[in-house]
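Please consult the sequence and the model as you read.

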Amino acid sequence: MHKHHRRRSFSRPSAWYGTAAALCGLVIPAANAIGQPADAPPFYACREQSETTSTVAGIELCTAEPTEALTNRAVGDNLQVRAGALVTNVTSSSIAASAGVARGDVIYRIGGNNIEDSLTAADQLSKIGTSADTIVNFLRSGRPYRVKLRR
């Protein structure tokens, strides 16, 4: 008697799926200019006089401060509140733009180092090399994501 094997109608996601999908923009939700759904108030604002630029990554940053909208929704919607650097602008041809980093994202870790402010973020982003990927963790709409950057 010959046994027939039934093919599975689904595929199992592998470990690389999340990173690859994030790099292709498949997992990261659409957002407006401030990184939130179009009808939502912003979750982070810039601390005064904290603006800086990372020419290596092609982004402008400021030190992120949580807004009342985030603190009111964080527990109920299971959103993360973190210190970090708020992305205020992304150059369209930059390595950050090609990896999927967008205006309104809050970078909270670069290469395994926690980021507390925009100066620390710019310093860590300046160390991005050409021979290895640098993991950048960020929040978008209170949800964590990560991408790999390389010059």
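Helices (H or I, at least four residues) and strands (E, at least two) are DSSP runs, numbered from the N terminus. This is a predicted model, in which local features need pLDDT of at least 70 and side-chain atom pairs count only at pLDDT 80 or more, while totals for chains, interfaces and linings use all residues. Residues are numbered from 1 along each chain as its sequence is written, and side-chain values use heavy atoms, with hydrogens and water left out.

**Strand β7 and its partners**

- Strands pair if DSSP finds at least two bridges between them; β5 and β7 run antiparallel and are joined by four bridges.
- Within this pairing, Arg109 has Asn137 in β7 as its bridge partner.
- Seven bridges link β7 to β8, again in the antiparallel sense, and Arg140 stands opposite Arg143 in β8.
- Because six of the seven residues of β7 are buried (under 20% relative accessible area, where exposed means over 50% and partly exposed lies in between, with a 1.4 Å probe and protein chains only), the strand is largely enclosed by the rest of the structure.
- Thr134 belongs to β7, which covers residues 134–140, and counts as buried because its relative accessibility is 15%.
- Leaving aside neighbours within four places in sequence, the contacts of Thr134 (heavy atoms within 4.5 Å) include Ile110, Ile128 and Leu149.

**Two residues with positive phi**

- Ser141 lies in the loop between β7 and β8 (143–149), and the hairpin of these strands has two residues between them.
- Although Ser141 is not a glycine, its phi is positive, at about 55°; at 17% relative accessibility, this residue counts as buried.
- Asn78, in the loop between α2 (68–73) and β4 (85–90), is not a glycine either and has a positive phi of about 55°.
- Asn78 counts as exposed, because its relative accessibility is 63%.

**Val101 and its surroundings**

- Val101 is placed in the loop between α3 (95–99) and β5 (106–110), and its relative accessibility of 7% is why it counts as buried.
- Not counting residues up to four places away in sequence, Val101 touches Val87, Val90, Ala96, Arg140 and Val147.
- Val101 and Arg140 are 39 residues apart in sequence, and their C-alpha atoms are 9.3 Å apart in space.

**A charge over a ring**

- The charged end of Arg82 sits over the ring of Tyr108, 4.0 Å from the ring centre; this term requires NZ of Lys or CZ of Arg within 6 Å of the ring centre and within 35 degrees of the ring normal.
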